[in-house]
Amino acid sequence: LTPIPEDVEQTIEFTLAQNDKAHDLVSAAIKSGLRNIFFVGCGGSYTGHIPAAYLLESKAQIPTYILNSDEFNTKKPVQLGKNSLVITGSHSGNTKETIRAAEIAKDAGATVASISREIDSSLASKVDFSFSYNSKTTVYAAKQVLAMQIAYATLEQTNEIGDWKASRQALNALPKALLQTQVEGEALCSKIAYGIKDAPNTYVL
């Protein structure tokens, strides 16, 4: 089995250190008259956006949408414009559909951000604000933390009701908590993996 990544704490701490940039992103979107938010990505980058999108859908007055990159490109949502905030995601930063989505968003006048492994990825070159996590192994959790910081910054700056100090304290506890969760769950995950390794089909619900 793949061992627990050695950089879990370091990577999550690195993402948490980008909180000020998340607030700068949201401030820029609000100055442009923020009216809606789009999360855009493919595969793991799409699913990595889901918790942040869910938080905003359930807590924010601002409409929030989450779309597969090519779905976004094909639809070119009528709501997309200068009052939109678009958060794109691609681990490699080279996913052509997501790069195209960033270009479409920019052409529409939206405030656009990217989440990818490297700060200078091809995707990052197309956006206003780029976020990164600098890891090839601690990926999914890092994407989620970056997206969640943007979501919490949005809630705080749009004056939604909430204890944002407590939320920040919870986020800051994640580096050690996420590592401990992996350590505690490793034996059970190993047991499950060996139990299903020869199954002809595996469904994840």
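**Salt bridges, strands and exposure**

Biologist: Arg100, Glu103 and Lys126 are linked in a network of salt bridges. What makes a contact a salt bridge?

Modeller: A side-chain nitrogen of Lys or Arg lies within 4 Å of a carboxyl oxygen of Asp or Glu. The structure holds seven salt bridges. The model is predicted: local features need pLDDT of at least 70, side-chain atom pairs count only at pLDDT 80 or more, and totals for chains, interfaces and linings use all residues. Residues are numbered from 1 along each chain as its sequence is written, and side-chain values use heavy atoms, with hydrogens and water left out.

Biologist: How do you know that lysine 126 and glutamate 103 form a salt bridge?

Modeller: Their closest N and O atoms are 3.3 Å apart. That meets the cut-off, so the pair counts. Lysine 126 sits in the loop between strand 4 (111-116) and strand 5, and glutamate 103 in helix 5, so the pair ties together parts that are 23 residues apart in sequence.

Biologist: Why is lysine 126 called partly exposed?

Modeller: The term covers the range between buried (under 20% relative accessible area) and exposed (over 50%), with a 1.4 Å probe and protein chains only. Lysine 126 has 33%, so it falls in that range. Glutamate 103 is at 25% and is partly exposed too. Aspartate 128, at 38%, counts as partly exposed. Lysine 106 has 33% and is partly exposed. Glutamate 118 is at 32%, again partly exposed.

Biologist: What makes asparagine 134 stand out in its backbone?

Modeller: Its phi is near 55 degrees, a positive value in a residue other than glycine. Asparagine 134 lies in the loop between strand 5 (129-132) and helix 6 (140-157). Its relative accessibility is 43%, so it counts as partly exposed.

Biologist: Is asparagine 159 buried or exposed, and how do you know?

Modeller: Asparagine 159 has a relative accessible area of 66%, so it is exposed. It lies in the loop between helix 6 and helix 7.

Biologist: How do you know that the buried residues of helix 7 lie on the same side?

Modeller: In helix 7 (residues 164-172), the buried residues are Trp164, Ser167, Arg168 and Leu171. They cover an arc of only 100 degrees around the axis, which puts them on the same side of helix 7. The arc is taken from the directions from the helix axis to the C-beta atoms. On the other side of helix 7, Lys165 and Gln169 are exposed.

Biologist: Why is strand 1 called mostly covered?

Modeller: Six of the six residues in strand 1 (residues 36-41) are buried. Asn36, Phe38 and Val40 point one way, while Ile37, Phe39 and Gly41 point the other way. In a regular strand, side chains alternate between the two faces of the sheet.

Biologist: How do you know that strand 1 and strand 3 pair?

Modeller: Pairing needs at least two DSSP bridges between two strands. Six bridges join strand 1 to strand 3 (residues 84-89), so the two pair. They run parallel. Isoleucine 37 stands opposite leucine 85 in strand 3.

Biologist: What makes strand 2 a partner of strand 1?

Modeller: Five bridges link strand 1 and strand 2 (residues 64-68), so this is a pair by the rule. The sense is parallel. In strand 2, isoleucine 37 has threonine 64 as its bridge partner.

Definitions and conventions:
Helix = DSSP H or I, 4+ residues; strand = E, 2+ residues; numbered from the N terminus.
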